[in-house]
Amino acid sequence: MINEFDCRLDLLTVYRKLLEKDVLKQFRRLGVSLEKQDADRLPECYSGVLNALYEAGTDDLGIYLKQSILEDENIFNQNILTVPDYLEQAVAFDLEQLKKMAQISASWVKKVAKGLLPAKAPEWENSPLALDVEGLKAYHKQHGYGIFAKYDVCCWRNGLEGVGNPDAISLDSLVGYGTQREMVIKNTKSLLEGQRSNNILLYGDRGTGKSSTVKAVFNQFKNQGLRLIELTVNQIHYFPEVLAGLCPWLKYIIFIDDLAFETKDRDYTSAKALLEGSANALHQNVVVYATSNRRHLVSEYFADRGGEVHTADSIEETLSLADRFGVTITFLSPSREEYYNIIYSMLDLEALGMTKEEVNSLAQKWEMLYNGRSGRTAVQFVRALKSGNIQDYV
């Protein structure tokens, strides 16, 4: 069995990139040390395996291997919709080798080490590696591969990176603007159903829930093969690279928060190409949802309207970016009555022992002191009111 310890890894074909992972590197070193009964290196190699597992967030070899297989990006899961027979056979063979490896226990290693390892040294667990080819095909059809099998939300930092703790806001937690949210929901459903969907510009006053709407709608549908990729305004020119890395059968929302430009610079041109009229046009499985406080996205100055012969052409060029969104949804600051209703929906007045009139008076003071009237202001007011320290603020 010692001779087979490292050989199982050398025989990997489709999942060969797993050999680059630290846990498997440490296992290979451990196998060599066991074979040679190297008293000097065995303790270091044994503890190296444990440390690599701990760094990966587990003490279970079987769980680690399963997660590594599911998150791997390879020729098999990249072509999951039409997998040739020879790849299925190769994957089945790799799985058999990895299943055998998952059974290698720390107690067996200690036994083979013949006293060269402390009996009380920590050990790893060995959950069975219960994966098969058909199960993997079903998994990747739903979850994709690589980074998209591991993360629902990604951002761009010198390449796509997963977001470990994305905003978990839900539609149920949002108050008001139901008509606006329903438009985003319907468009997202169209995307998931494989229909050509619109890019959406969510325009309006600050604090009205534009970004929250996008995130909440995404959370509602993320288990249906939907992923969210966040880009900043100055990352728009990376869009072709983002597009090239997408899983073809998943659906994507490219989310750009606070989309606005001071000048028609490189990012402005890139944004126009992203939305329409470029060789890198959006795929049918991708939509852009952007938020902005500016209806036309580009700062406009009176100086922009003078000094040019064809002023109308210049203005049209400035407005053309916003026009490339198929749908613009407007979020305006609530009226005073709407503002109060948002607050009432989040409060149990009877439990607080307060009347609407008392709440209204405090809410109006809060509005005047902090950020004006908006859904965000209402939420902040309710938090202060529930804390019991509202008088400290107003």
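**Close-up 1. Helices H9 and H10 cross with right-handed geometry.** The contact in this predicted model is formed by Arg-181, Val-184, Ile-185, Thr-188, Lys-189 and Leu-192 from H9, together with Thr-213, Val-217 and Phe-221 from H10. Sorted by class, the contact of H9 with H10 holds 5 nonpolar, 2 polar and 2 charged residues. H9 spans residues 178-192, and its axis and that of H10 come within 10 Å, crossing at roughly 40°. The two helices, H9 and H10, are therefore oblique to each other.

**Close-up 2. The largest pocket has a volume of about 460 Å³.** Its lining consists of 24 residues. Nearest the centre of the pocket lie Gly-207, Gly-209, Ser-212, Gly-375 and Arg-376. Two helices, H10 (210-221) and H17 (375-387), each supply at least two residues of the lining. H17 provides the largest share of the lining, with 5 residues. The lining of the largest pocket comprises 7 nonpolar, 10 polar and 7 charged residues.

**Close-up 3. Helices H2 and H3 form a left-handed crossing.** H2 covers residues 22-36 and H3 covers residues 42-55; their axes come within 8 Å and cross at roughly 160°. H2 and H3 are therefore roughly antiparallel to each other. On the H2 side, the contact involves Asp-22, Val-23, Gln-26, Phe-27, Arg-29, Leu-30, Ser-33 and Leu-34. These residues meet Leu-42, Glu-44, Cys-45, Tyr-46, Gly-48, Val-49, Ala-52 and Leu-53 of H3. By class, the residues of the contact of H2 with H3 are 10 nonpolar, 3 polar and 3 charged.

**Close-up 4. Helices H5 and H7 pack at an angle of about 110°.** The axes of H5 (residues 85-102) and H7 (residues 133-143) are 10 Å apart. The angle makes H5 roughly perpendicular to H7. Glu-88, Val-91, Ala-92 and Leu-95 are the H5 residues in the contact, and they meet Val-133, Glu-134, Leu-136 and Lys-137 of H7. The contact of H5 with H7 has 5 nonpolar and 3 charged residues, and no polar ones.

Technical notes. Residues are numbered from 1 along each chain as its sequence is written. This is a predicted model: local features need pLDDT of at least 70, side-chain atom pairs count only at pLDDT 80 or more; totals for chains, interfaces and linings use all residues. Side-chain values use heavy atoms; hydrogens and water are left out. On a 1 Å grid over the protein atoms alone, a cavity is a set of points where a 1.4 Å probe fits but cannot get out, and a pocket is an open set with protein on both sides within 12 Å along at least five of seven lines; lining residues have an atom within 4 Å of a point. Grid points are joined across faces, edges and corners, and a volume is the space filled by probe spheres set on the points. Helices (H or I, at least four residues) and strands (E, at least two) are DSSP runs, numbered from the N terminus. Ala, Val, Leu, Ile, Met, Phe, Trp, Tyr, Cys and Pro count as nonpolar, Asp, Glu, Lys and Arg as charged, and the others, Gly among them, as polar. Axes are lines fitted to C-alpha atoms, for helices over the stretch in contact, and angles run from 0 to 180 degrees between N-to-C directions. Angles under 35 degrees count as roughly parallel, over 145 as roughly antiparallel, 65 to 115 as roughly perpendicular and the rest as oblique. A crossing is left-handed if the near helix is turned anticlockwise from the far one by less than a right angle, and right-handed if clockwise. Contact means heavy atoms within 4.5 Å.
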